[in-house]
Amino acid sequence: MFHNWTNFFDITAAAGAQLIGLMFVVITLGNGLSKSQSIAGIRAFLTPTLICFSGVLFQALVVLAPWPFTWPMGLVLGLTGLAGAAYHVNVIRSQGKLHFSALHGVDWIAHNGLPLVADASLICGGAGLIAEKPFAPYAVAGASTLLLISGIYGAWDLTFWMVTNRQKT
């Protein structure tokens, strides 16, 4: 099913891996923050951004592996989508408890809405692979794309917040 999708997933895997590396640069920007802000910010924003990029990389690795049948791939991707949805619901709870940062409008959609839609798309894609439905590759590709967009937005937002709040602590 993914024969014609190799280039897409090669590119998303490379992007996810490179952006994970760049997040370590972002972490060094957080050195000027107070310990409490740094830990809370990492848990609420940095880790979910890394999870988005890691999810893109993992999805590509699963899709590019030489599976003998599509159902095991569908099972792995479906379970990954379920785990991602549970994780992102937990992230939404933790972000709501922060006192130094609140998400509104587009920020909430980019940080929380897109990953949840990506997880739902991944669950549908996994189910589609198990049932050998032709929409499955599109659903998995959509999930990867949404996670990449969310991760890039989150990395930019986090970097901007760290730079602007460095001197305030």
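**View 1. Burial across the chain.** Of the 169 residues of the protein chain, 45% count as buried (under 20% relative accessible area, with exposed over 50% and partly exposed in between; 1.4 Å probe, protein chains only). The model is predicted, so local features need pLDDT of at least 70 and side-chain atom pairs count only at pLDDT 80 or more, while totals for chains, interfaces and linings use all residues. Residues are numbered from 1 along each chain as its sequence is written, and side-chain values use heavy atoms, with hydrogens and water left out.

**View 2. The helices of the chain.** Five helices and zero strands make up the secondary structure of the protein chain. Along the sequence the pattern reads α-α-α-α-α. Helices (H or I, at least four residues) and strands (E, at least two) are DSSP runs, numbered from the N terminus.

**View 3. Ala-44 in helix H2.** Ala-44 lies in helix H2. Its relative accessible area is 2%, so Ala-44 is buried.

**View 4. Packing of H3 and H4.** Helix H3 (residues 70–96) packs with H4 at an angle of about 160°, and their axes are 7 Å apart. Axes are lines fitted to C-alpha atoms, for helices over the stretch in contact, and angles run from 0 to 180 degrees between N-to-C directions. H3 and H4 are therefore roughly antiparallel (over 145 degrees; under 35 is roughly parallel, 65 to 115 roughly perpendicular, the rest oblique). The crossing of H3 and H4 is left-handed, meaning that the near helix is turned anticlockwise from the far one by less than a right angle. Residues in this contact divide into 16 nonpolar, 11 polar and one charged. Nonpolar covers Ala, Val, Leu, Ile, Met, Phe, Trp, Tyr, Cys and Pro; charged covers Asp, Glu, Lys and Arg; the others, Gly among them, are polar.

**View 5. The largest cavity.** The structure holds two cavities of 30 Å³ or more. A cavity is a set of points on a 1 Å grid over the protein atoms alone where a 1.4 Å probe fits but cannot get out; lining residues have an atom within 4 Å of a point. The largest cavity has about 50 Å³ of space, the volume being that filled by probe spheres set on the points. Its lining consists of Pro-48, Thr-49, Cys-52, Gln-95, His-111, Pro-115, Ser-150 and Gly-154. Helices H2 (35–64), H4 (106–130) and H5 (136–165) each give two or more residues to this lining. H2 gives the most, with three. The lining has three nonpolar, five polar and no charged residues.

Notes. On a 1 Å grid over the protein atoms alone, a cavity is a set of points where a 1.4 Å probe fits but cannot get out, and a pocket is an open set with protein on both sides within 12 Å along at least five of seven lines; lining residues have an atom within 4 Å of a point.
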